[in-house]
Amino acid sequence: LKIDPARDKQYLGRCIVLAIMATARPVVSIYNCENPAEKTGTAVMPHVLCAPLRPDLVREVHMNVSKNARQAYAVGAKVGYDTAAESWGTGRAVARIPRAPGGGTHRAGQATFGNQARGGGMF
């Protein structure tokens, strides 16, 4: 960001006001743990805390912290192998691939474990 003092007097004025507002309270109060109403002393605030906030850093930190709540959605190593499937064997005019057990659901009788089967394993 390049600032021309002759052209950007208003912008520089705002920056100075922000810097003054950020350092308005350079001393912080220290309170007693057992009695929060009792003030035990004061301490000088570190210079780092007196600096104005940078919106680009706030955005970056917020974006990276929000990534911690993501849920994994990639393919797992054991995907497709969570059923007790067995082949029906020969004589039924269907492929000899293991099929999901049970009845009364759409999943029953569907092919499993194979690369070509929907919901089957990879490789």
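Welcome to the tour: the structure holds one salt bridge, where a salt bridge is a side-chain nitrogen of Lys or Arg within 4 Å of a carboxyl oxygen of Asp or Glu. Before you zoom in, note that this is a predicted model, in which local features need pLDDT of at least 70 and side-chain atom pairs count only at pLDDT 80 or more, while totals for chains, interfaces and linings use all residues. Residues are numbered from 1 along each chain as its sequence is written, and side-chain values use heavy atoms, with hydrogens and water left out.

**Stop 1: the salt bridge**

Select Asp56 and Arg54. Their side chains meet in the salt bridge, at 2.7 Å from N to O.

**Stop 2: the whole chain**

Now zoom out and colour by secondary structure. The protein chain has three helices and two strands, in the order α-β-β-α-α from the N terminus. Helices (H or I, at least four residues) and strands (E, at least two) are DSSP runs, numbered from the N terminus. Of the 123 residues in the protein chain, 12% are buried. The chain exposes about 10,700 Å², and carbon and sulfur atoms supply 60% of that area; the areas come from the Shrake-Rupley method with a 1.4 Å probe, and for residues only the protein chains shown count as cover. Among contacts (heavy atoms within 4.5 Å) with a separation of 6 or more, 18% join residues 24 or more positions apart.

**Stop 3: confidence**

The protein chain averages 79, and 77% of the residues score at least 70. Which element has the lowest mean pLDDT? That is helix H1 (residues 9–22), with a mean of 43, whereas H3 has the highest, 95. Select residues 8–23 as well: pLDDT stays under 50 there, and the model has ten contacts beyond four places in sequence for this stretch.

**Stop 4: Met45**

Go to Met45, in the loop between strand S2 (39–44) and helix H2 (47–50). Met45 counts as buried because its relative accessible area is 17%.

**Stop 5: after helix H3**

Next, select Thr112, in the segment after helix H3 (55–66). Thr112 is buried because its relative accessibility is 0%. What does Thr112 touch, leaving out residues up to four places away in sequence? Its contacts are Thr83, Ala85, Ile97, Pro98, Arg99, Ala100, Arg107 and Ala117.

Phe113 is also in the segment after H3. At 25% relative accessibility, Phe113 is partly exposed.

**Stop 6: the ring of Trp88**

Finish at Trp88, showing Arg92 and Arg99 with it. The charged end of Arg92 sits over the ring of Trp88, 4.9 Å from its centre. Arg99 lies over the face of Trp88, at 5.1 Å from the ring centre. A charge sits over a ring if NZ of Lys or CZ of Arg is within 6 Å of the ring centre and within 35 degrees of the ring normal.

Terms used. Buried < 20%, exposed > 50% of the residue type's maximum accessible area, 1.4 Å probe, protein only. pLDDT = per-residue confidence, 0-100.
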